[in-house]
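Reader: I'm new to this one. Can you walk me through it?
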Amino acid sequence: MVDFLAENNLCGQAILRIVSRGNAIIAELLRLSDFIPTVFRLKDKSDQQKYGDIICDFSYFKGPEYYEGKLEAKPELQDLDEEFRENNIEILSRFYLAFESVHKYIVDLNRYLDDLYEGVYIQQTLETVLLNEDGKQLLCEALYLYGVMLLVIDQKIEGEVRERMLVSYYRYSAARSSVDSNLDDICKLLRSTGYSSQPGAKRPANYPESYFQRVPISTTFISMVIGRLRSDDIYNQVSAYPLPEHRSTALANQAAMLYVCLYFSPSILQTQQAKMREIVDKYFPDNWVISIYMGITVNLVEAWEPYKAAKTALNYTLDSANIKEQATRYAASMESLRPQVQQLLKEGFLREEIILDNIPKLLNCLRDCNVAIRWLMLHSAESAYDPNNKRLRQIKDQVLNDSKYNPKILFQLLLDTAQFEFTLKEMFKQMLSEKQIKWESYKKEGSERMTELAEVFSGVKPLTRVEKNENLQAWFREISKQIESLNYEDSTAAGRKTVQLIQALVEVQEFHQLESNLQVCQFLADTRKFLHHMIRTINIKEEVLITMQIVGDLSYAWQIIDSFTSIMQESIRVNPSMVTKLRATFLKLASALDLPLLRINQANSADLLSVSQFYSGELVAYVRKVLQIIPESMFTSLAKIIKLQIHDIMEVPTRLDKDKLKDFSQLGARYEVAKLTHDISIFTEGILMMKTTLVGIIKVDPKQLLEDGIRKELVKRVAYALHKGLIFNPKAKIQDWQSVHQSTHIPIPKFPSVDESATFIGRLCREILRITDPKVTCYIDQMNTWYDLKSHQEVTNNRLFSEIQNTLGTFGLNGLDRLLCFMIVKELQNFLTMLQKTILKDKAVVDVFKTMLTAVNPVQGIVANASKVYASAVAKSQKIWGPYLEAIMKVGQMQILRQQIANELNYSCKFDSKHLAAALENLNKSLLADIEAHYQDPSLPYPKEDNTLLYEITAYLEAAGIHNPLNKIYITTKRLPYFPTINFLFIIAQLPKLQYNKNQGMTCKKATDPVDWPPLVLGMLTLLKQFHSRYTQQFLALIGQFIRSVMEQCTSQKIPDMPSDVVGALMFLEDYVKYTKLSRKVAEAHVPSFIFDEFRTIL
């Protein structure tokens, strides 16, 4: 019959693929559970108020129109909804795919069972598959994994959160329009069960059996699987644990599977006492805390509380006499095992011959250690006992008292056992690899000894007082041939024959009185010794390694081990060389990866890499967490050294009186510094002693670990210093997992917010914006300085940015620039929203714009009765200019700051990295030249869409300050009606608030109605830059027409002075040309050149 898992066995491959996918789904669920956006929990009031209307549970499906109507009624809710969608759609899609795969898994399993029933797989039925060893394992695993998936989802992703995520996904994605979408079925399967993993939460009625029955599964299949799990040792584990008291440990994995599968058939738990008694007697006679999958622990006392039959059956196990018996037994075994293992670990004790002579003894020691550690770790785990349950508390207290539980001693035994296991495995692997070579060398030695003895008895070879004996000569020759003929491949026959040969050599010595000749005796003894070695060597079998692998399983501690972290860290702090022992413990923990990866590997699934990376990554993160104590201790010692050097140790002057020498020596303080420095070097040595280790599939390099640890601690301390230091007291969101700057190994720490800023950079930025606010300061461009509007005192100047660079470095200044960039984007987006939803929706204001457009047509002409037309339009639209001015000034203010930062970055780049600055400038010029040439002649080359050159070079140019913020496009825009007219009216509405000053240019008339000229011009310039250039042309044409029309009216009315509004408009055009670095002809196209040339002379 074809092997069930053979590639051409469709029946075996189909179920293997299902089980493989099950393990991968659980890994994905565990991975995603760390990335649930906190907003879906709606825990705090601010989240509830902000997102309560856009995040709904399944009540949404009762009336989607009502919910969507609520959103459409409020524009601000629509904006929030759109922003929320952009931020979360990626992670929501990932969660949805994971949920969908759970539903697909059970659908595929049911389809497979139907195919078996209908005879799709020739000669295969459910019964025949369950008779096959692999088939039996896979079918049991398939049901068990489905149960684990459901339990993991409920434990890690709360019901309400699931519902909110599914509803959000439904609203934001196109899935609802898809015909083949099974969203309804997924929602039915994963709707909230009412279960909460919070301690003290009440368990819902009929949980989890009602949850498990949401998708019907064949009852025959369930009962046959439970039957197999009850009666068989489906993984043949008992052979690895021959002692009867170890049976429950041997069957622990099967017991976990049975525990999960029983929920598919709750009647057994409720009413079938005989079956439950049989299950408890076989699997749970001495244990009640089990690990169901990768360290997820369950306490049967609590889990089986609602089920009558299960609870009754378990009472025998929970009898206080039985608990006492088990606890004292393991306490005694701990006492005896610790010295035993420590003796085995002594340097030079574990030698090859001792291992070969004592394999059963050593394996028994390993079994006893692992069984004791398993029982004590599980039954003393905090997470396994609900502190609010009185009975659980009593059981836990009894276990801790009767077993004399001491976490440090248990951890020490775990360390020693892991080290012993690791050493034994490594030695055994080496012996196994050298087995044949050694066997052959012993055979050759033995055979040669016999040949030499044969020659001795020929009488030819001179050996003192040995008479010629042809019979013995022939006999030894024959023995030599027999030894030579031993076959390594047939180990059983070779072993039997070797024993006979040893017996024959003993007999020949006795019967032929060869004892009198010491040399002959020596030869015979040597040959017997070689034959003994051959027997021992042939007994080195791979089965021993497999047994060690089974016995050494630590997957149950995947989560509990975290409770020992503080003990690990304390022991490392006291003795850094402890890291070498911990290495063996981490490798022992890595063996837990075999459980989920076995089936994925057998199925040759593409999920192998991602699942391996997830579990390996989790373990490596834990290793880093434990070893982080080393950098922490190093920095604590460093802080003490700094304190001593700054405050305690006096600086020795260049000239010193002899009698004061003792005062300056300060031997105590200097000794303390030397001791602390020595401690630091010991810590670094400790971590480097942990050789490069493969943890799962991730290579852990101790040097890299140390460097990352130091960097993490440095980041933490610097961030804390900046967080505490940069707190001021005046009167688009990126998720962590999406950020290129956030690292899992060296995370940027998060501190509680002290204002609306997330970090110190935000606080610094807002403080700069506050002190340079155009409402209270006046910026003088020629001096790069801000002055207070009322007191006329200097507030700050461009040296501020030199100081920031000296303090935070180029990266800090560049980060400030990036933040300002995003703030400008946000401000422009808010501005456009206001324009579209407030100004352009106001009918009275739009009528003003229409009237204005009619009055100024054609733009090349002159407006009759100009001052009245313009004044009327400005007066009628006065109410909209307040928020308009604020937005434009904010953008202009931030653009000034960006210009100052660019100047500072460019200045320092040219000084500190002149070659980089020159290279970037030349590359930038040559790229621009090539792009211009391409637009002149499209046959010339141009960077393709997938070429990242332009994108990458921009980042470099911005970091080096080789860019002009005023030319940047911050947002994408659509066509807007009346846009040039609105901006033109806005500018002429502001001109009366300003006056021209020969020394300072345009300044504010009244401090009570502040308008700062440079931010106004730059803000308007930036806004126009975001739109098509024809809007700018129309806007400049309107300003030109305004100047010409007012001048014409003044001339006709014989007013000799140039009106101040015209001066302001001319100044605006002049500054516009200056800042955009355009030709003056742009302005002269709309205003005659003689007015431009003359207007300053007559001021």
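Reader: How many aromatic pairs does the count come to?
Author: The model is predicted. In it, the count comes to 48 aromatic pairs.
Reader: Take Tyr-211 and Phe-212. Why is that pair edge-to-face?
Author: Their planes are at 65°, and over 60 degrees counts as edge-to-face. The ring centres are 6.2 Å apart.
Reader: Are Tyr-211 and Phe-212 buried or exposed?
Author: Both are buried.
Reader: What about Phe-831 and Tyr-884, how do they pair?
Author: Edge-to-face, with 4.8 Å from centre to centre and 80° between the planes. This pair links distant parts of the chain, 53 residues apart. Phe-831 is in helix 35, and Tyr-884 is in helix 38.
Reader: Why does Tyr-884 count as buried?
Author: Because its relative accessibility is 0%, and buried means under 20%. Phe-831 counts as buried too, at 3%.
Reader: New topic. How many disulfides does a search of the whole structure find?
Author: The search finds 0. Cys-369, for one, is in no disulfide. Its nearest cysteine sulfur belongs to Cys-365, 4.2 Å away, and a disulfide needs the sulfurs within 2.5 Å.
Reader: Is Cys-369 buried or exposed?
Author: Buried, with a relative accessible area of 0%.
Reader: Now Glu-141. Where does it lie?
Author: Glu-141 lies in helix 6, which covers residues 133–156. Glu-141 is buried, at 9% relative accessible area.
Reader: Which residues is Glu-141 in contact with, leaving aside neighbours within four places in sequence?
Author: Val-19, Tyr-105, Tyr-235, Met-257 and Arg-599.
Reader: Last one. Which ring does Arg-329 lie over?
Author: Arg-329 lies over the face of Tyr-330, 4.7 Å from the ring centre.

Conventions
Residues are numbered from 1 along each chain as its sequence is written. This is a predicted model: local features need pLDDT of at least 70, side-chain atom pairs count only at pLDDT 80 or more; totals for chains, interfaces and linings use all residues. Side-chain values use heavy atoms; hydrogens and water are left out. Buried means under 20% relative accessible area, exposed over 50%, partly exposed in between (1.4 Å probe, protein chains only). Helices (H or I, at least four residues) and strands (E, at least two) are DSSP runs, numbered from the N terminus. Contact means heavy atoms within 4.5 Å. Rings of Phe, Tyr and Trp (its six-membered ring) pair if their centres lie within 6.5 Å; planes under 30 degrees apart count as stacked, over 60 as edge-to-face and the rest as tilted. A charge sits over a ring if NZ of Lys or CZ of Arg is within 6 Å of the ring centre and within 35 degrees of the ring normal.
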